[in-house]
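Please read the following account beside the sequence and the model, taking each part in turn.

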Amino acid sequence: MSYSKKIAENQQKMKNWANKAPMNYLHKFELVAAECHQLLNNHWEAIESYDRAIVGAKNNGYIREAALANELLARFYLKLNKENAAQGYMQAAYYGYARWGAKAKTNDLEKRYSQLLKPIQQQQRLNFNPLETIATIAQTSTSNSTNITDAIDFASVLKAAQTISGTIELDELVASLTEIILENSGAKKAVLILPAENGIWQVKAITKINHQASSPGKTETKINPQSIETCPDIPSTLINYVKNTQKTIVIDNCKTDIPGIIGEYMQTVKPASVLSKPIIYHGHLVGIVYLENKLTSGVFHSERLEVVQMLSAQAAISLENARLYRESQEKAQQLQQTLQQQQTLFEVVTQIRQSLNLEAIFRAVTQNIRQILHTDRVGIYQFHLETNYEYGEFIAEDVLPSFTSALAVKVQDHCFGEQFATLYKQGRYCAIDDINTDAVLDCHREILVQFQVKASLVVPIMQDDELWGLLCIHQCDRPRNWQPFEIQFAQQVGVQMGVALKQADLLIETQKQATELEQTLQHLQHTQLQLVQHEKMSALGNLVSGIAHEMNNPLGFISASLEQTKPMLADIIQHLNMYQESSNTPNPSIIKHAKEIDLDYTLKDIPQMISAMILACDRLKNISTSLRTFSRADKDCKVLCNIHEGIDSTILILKHRLKANNQRPAIVVITDYGDLPNIECFPGQLNQVFMNILANAIDALDESNVGRKFAEIESNPNQIKIKTSVVEQQVIISIADNAQGMTEEVRQKIFDHLFTTKAVGKGTGLGLAIARQIVEETHNGKLICNSVLGEGTEFILQLPV
């Protein structure tokens with residue numbers, strides 16, 4: 001039989017196998033096909049087959065055959081004088097052989113194809129700075145080796161170790177650990193066994209190479225804790241031996257000198273290579289690694305053992321760190337839960353102290369407890385005391401929407417009665433983990449089933465010595481083991497609920513008394529303002545009215561006398577003139593006296609003086625009228641009044657404060673009066689408002705002038721602008737100054753009772769409070785203060801027409 005015929009028959013068999021198991025045979029078929037095409041000078045077909053063989057071998061984990069395909073394709077390119085293309089494939093073949101551990105092969109390639117591998121050979125020795133644990137273990141194996149393959153293996157181990165050390169979550173760590181050990185040990189299955197919290201050893205993770213057609217060559221990790229004795233994927237006898245002796249065991253072809261460790265699993269599965277290694281940290285066994293290769297024996301040789309040893313050493317540290325991290329997380333979670341419970345308890349106590357609304361307290365308590373304890377329902381049940389503890393209802397509840405609400409459901413429990421009430425009064429609580437298995441009276445179970453309860457925690461709510469109700473915590477989706485700290489927390493909340501009930505009546509009474517006191521205080525303040533206003537207006541009115549009255553009498557006399565004197569004096573002057581004209585020879589002494597007294601000037605000036613005196617009397621009469629206008633006594637009802645007259649009379653009274661003095665020029669008052677109708681008001685009270693606002697404006701301007709020079713003030717004179725208008729049936733009166741203004745904080749308090757910004761003895765803090773009362777309460781208007789710091793202040797009065 002010729003070689004070509006034999007190759008064709010073998011390829012046909014290989015093709016049939018490839019059709020049934022492509023992950024195992026298709027790349028082999030393609031590699032042989034590539035060699036055949038090469039012999040037949042079918043260059044393109046040969047390259048395509050080589051590439052398909054390389055891809056198939058890599059994807060399915062056949063490292064050696066992928067390296068071989070790369071080497072053959074590189075030789076083919078050399079044969080075609082395509083050295084650049086050959087170099088890439090030859091280097092890929094080199095790295096593949098190195099990963100497979102074929103040192104003799106890599107040495108052979110270095111000698112035969114040194115030119116193609118020159119970039120690799122020229123690389124300097126890698127200067128690793130690995131983790132301390134890895135460096136210590138690997139020191140011996142790396143100190144005397146200069147082989148590039150060793151460096152590549154060590155780099156892979158370092159990378160794997162760094163990956164392990166960077167993981168702290170336990171589940172993520174065990175998955176990474178088994179996968180990394182599998183990749184770097186030559187095993188086809190890696191198992192990690194760890195002790196559980198209860199001390200029982202469990203299989204924590206299993207990683208295998210998947211040979212299924214859907215995902216060939218990929219690793220698959222399962223994290224499903226199970227007992228060593230019941231796990232079908234490990235030799236339990238061997239694992240227990242390693243656990244007890246803490247020795248590393250390597251077995252090839254199920255042959256060993258150690259008696260009794262080849263158990264049922266080994267005899268049934270017959271793995272070709274087995275490694276079981278303890279993971280020890282500070283002398284303590286923290287885990288066990290089990291590695292297995294069913295097909296190839298001798299996989300776990302000394303160099304692989306060294307790799308596993310290095311990875312196991314780092315794994316020991318990482319497992320301990322993960323354990324400590326998990327414990328710290330659990331403690332932190334427990335502390336967080338305790339903190340939340342105490343915070344809830346504090347909020348309950350705070351609400352009890354601050355609120356008299358029991359409904360709001362009950363609602364907050366049920367919501368917080370359900371969220372903190374992660375339960376399905378929390379309810380507050382109140383007994384109907386007149387029924388001897390046999391009837392009651394839920395008055396507050398927080399429940400998940402998927403479960404029935406218990407609110408307003410009348411519950412009849414003949415089992416409870418005085419007997420259980422007495423027990424709860426003595427501090428009893430009831431914790432039921434599972435209503436189907438715990439000892440529960442049938443009548444109680446019937447009630448719990450009515451509300452879909454699977455587990456229940458009930459604590460008493462006492463009011464003095466009486467059992468007022470129950471705090472009920474329900475788990476409806478599953479049984480639940482109530483923890484001591486949860487029971488204690490529920491009891492603490494129950495006690496605080498009792499305090500809330502006990503204090504409710506007292507707090508309500510206290511609030512009632514406080515309300516009465518507050519109303520009394522407000523009435524006193526209101527009365528005080530009225531008294532101050534009345535006394536102030538009365539005193540000012542009496543003073544001004546008295547002055548005006550006293551002025552009127554002499555002014556009337558003087559004015560009347562002057563009116564009579566003026567024509568009489570005119571007659572006398574006329575008579576004197578006639579006498580002078582009729583006398584031809586006046587006496588020299590008379591002529592001399594006339595010159596001395598400047599008779600001609602006197603005769604001309606006296607009528608002018610009389611006229612000036614009459615004008616002065618008229619002005620004094622106007623002042624008297626303004627004083628009477630300002631001080632007019634208010635009647636019991638409002639009267640029509642001209643607002644502008646009240647403002648003008650106030651300005652007139654304050655005119656002496658507006659005049660210039662040594663420190664400043666005169667304060668300019670600018671009036672911009674609109675066409676205002678007469679409005680119904682109490683004129684005397686509004687005049688008091690104008691007086692307060694204008695006096696404060698003058699005070700503010702004087703205060704703003706402190707430290708400023710006369711010329712500086714003169715260049716930007718002090719001004720008070722008064723503007724009136726009618727807007728939407730409202731009389732608007734604006735009084736603004738250009739002083740320093742005030743801060744927002746002061747503006748917010750400017751109308752407060754007894755609040756003042758003036759020095760002691762200069763202000764009572766009542767003026768603006770009285771002004772607002774007059775405008776807003778007496779006249780149903782509005783008094784607004786607008787101020788900008790550094791620009792001035794404006795008061796706006798709004799009065800209904």
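Is Ile 7 buried, partly exposed or exposed? Because its relative accessibility is 35%, Ile 7 counts as partly exposed, where buried means under 20% relative accessible area, exposed means over 50%, and partly exposed lies in between, with a 1.4 Å probe and protein chains only. This is a predicted model, in which local features need pLDDT of at least 70 and side-chain atom pairs count only at pLDDT 80 or more, while totals for chains, interfaces and linings use all residues. Residues are numbered from 1 along each chain as its sequence is written, and side-chain values use heavy atoms, with hydrogens and water left out.

Ile 7 sits in helix 1, residues 3-20 (helices are DSSP runs of H or I with at least four residues, numbered from the N terminus). Together with Tyr 3 and Val 32, Ile 7 forms a nonpolar patch on the surface, and the accessible area of these residues taken together is about 320 Å². Such a patch is made of residues with over 30% relative accessible area and no salt bridge, nonpolar side chains (Val, Leu, Ile, Met, Phe, Trp, Tyr) being joined within 5 Å; accessible areas come from the Shrake-Rupley method with a 1.4 Å probe, and for residues only the protein chains shown count as cover.

Charged pairs come next. A salt bridge requires a side-chain nitrogen of Lys or Arg within 4 Å of a carboxyl oxygen of Asp or Glu, and by this rule the count comes to 21 salt bridges. In one of them the side chains of Glu 65 and Lys 28 meet at 3.3 Å, N to O. Glu 65 lies in helix 4 (residues 63-79) and Lys 28 in helix 2 (residues 22-39), so the pair ties together parts that are 37 residues apart in sequence. Glu 65 counts as buried at 12% relative accessibility, whereas Lys 28, at 23%, is partly exposed. Glu 65 also meets the side chain of Arg 64 in a salt bridge of 3.2 Å, N to O, and Arg 64 is partly exposed, with a relative accessible area of 36%.

Another salt bridge brings the side chains of Arg 75 and Glu 71 to 2.6 Å, N to O; because these residues are 4 apart in helix 4, about one helical turn separates them. Arg 75 is partly exposed at 30% relative accessible area, while Glu 71 is buried at 1%.

Ile 647, in helix 20 (residues 643-653), is buried with a relative accessible area of 2%, and 6.6 Å separates its C-alpha from that of Phe 690, 43 residues apart along the chain.

Finally, a search of the whole structure finds 1 cavity of 30 Å³ or more, and the largest cavity has a volume of about 40 Å³. A cavity here is a set of points on a 1 Å grid over the protein atoms alone where a 1.4 Å probe fits but cannot get out, and lining residues have an atom within 4 Å of a point. Ile 651, Leu 654, Leu 658, Val 669, Leu 694, Ile 698 and Ile 720 line the largest cavity, a lining that divides into 7 nonpolar residues, no polar and no charged.

Note on methods. 1 Å grid on protein atoms, 1.4 Å probe; cavity = no way out; pocket = protein on both sides within 12 Å on 5 of 7 lines; lining within 4 Å. Points joined across faces, edges and corners; volume = space filled by probe spheres on them. Nonpolar A, V, L, I, M, F, W, Y, C, P; charged D, E, K, R; others polar. Patch = residues over 30% accessible without salt bridge, like charges linked within 9 Å, V, L, I, M, F, W, Y side chains within 5 Å. Helix = DSSP H or I, 4+ residues; strand = E, 2+ residues; numbered from the N terminus.
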